[in-house]
Amino acid sequence: MSNEQPGLELDSVTKHFGGLHAVEDVNLRLNLGERRGILGPNGAGKTTLFHLITGVLPLTSGRIRLFGQDVSGWPTHKRVALGMARTFQITSLFPKLTVLENVLLAVQGLRKMKMVMLKPLHKYKDVYEKAEKLLSDVNFWHLRDQEVRNLSHGEQRQLEIVLALASDPKVLLLDEPSAGLATGESHEMADFLKSLDPEIAILLIEHDLDVIFEVVSHISVLHYGEVLAEGPSDDIRNDPRVQEIYLGKAE
């Protein structure tokens, strides 16, 4: 449950590419510990919105605040340092390395330390302990010695989220974590997301309606870059406009 303290606030966020209005006047508030979803078809502006929130793209107009600080002009790494993390639709794992090695590299990449190439990563105690905790917290420790290429697609998608957690984010942006998953794997992903630290605020882009309705409490629906509807998940599920445009007309 959210504690009513804003982690992320969007104030009239807008992005134009010439004459294309990719994101138009989007307002959104994500409280600490809240699970909020963004729903919409391809081309609705969801990923562009994530690019704006994370600093990959500059705003045309509007304002973005992270934990009360105006980060509208900040580069991505400064937003990450403040407590934001993101996953992407495209898998970015090292398939020939083990699960543990992938997590060790993610943790090490955040540390200001000089690595001795001949010294095994597990010799760096604090890095190893952090990796062990990340994997144990999500019940992945038993998979630590598996090469990533031998994991199921669903397990690989979950591992990407573990890597995003390496920076101890308070706000986590997930870009279609169930993309390409079979039905059973989607259910597992929903269970995985619900098992994450309840104090982490999650903003979730998702096409799988079962996943988004099961995980989030509040949904914003984007339509051609604008917010068509927003509200509690049950209200969005029953909104006639949403049913017609995105979910198919009710039977």
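Residues are numbered from 1 along each chain as its sequence is written, and side-chain values use heavy atoms, with hydrogens and water left out. Because the model is predicted, local features need pLDDT of at least 70 and side-chain atom pairs count only at pLDDT 80 or more, while totals for chains, interfaces and linings use all residues.

The pLDDT is the predictor's confidence in each residue, from 0 to 100. Its mean over the chain is 89, and 91% of the residues reach 70 or more. Where pLDDT is low, the predicted coordinates should not be read in detail.

Strand β4 also has pairing partners, where pairing requires at least two DSSP bridges between two strands. Five bridges join β4 to the antiparallel strand β1 (residues 6-17), and Asp-11 has Arg-63 of β4 as its bridge partner. Two bridges link β4 with strand β5 (residues 69-70), again antiparallel, and here Leu-66 stands opposite Gln-69.

Helix α3 (residues 99-108) is largely enclosed by the rest of the structure, because seven of its ten residues are buried (under 20% relative accessible area, with exposed over 50% and partly exposed in between, using a 1.4 Å probe and protein chains only). The buried residues are Val-99, Leu-100, Asn-102, Val-103, Leu-104, Val-107 and Gln-108. Their cover includes α4 (125-137) and α5 (153-164).

Methods:
Helices (H or I, at least four residues) and strands (E, at least two) are DSSP runs, numbered from the N terminus. Contact means heavy atoms within 4.5 Å.
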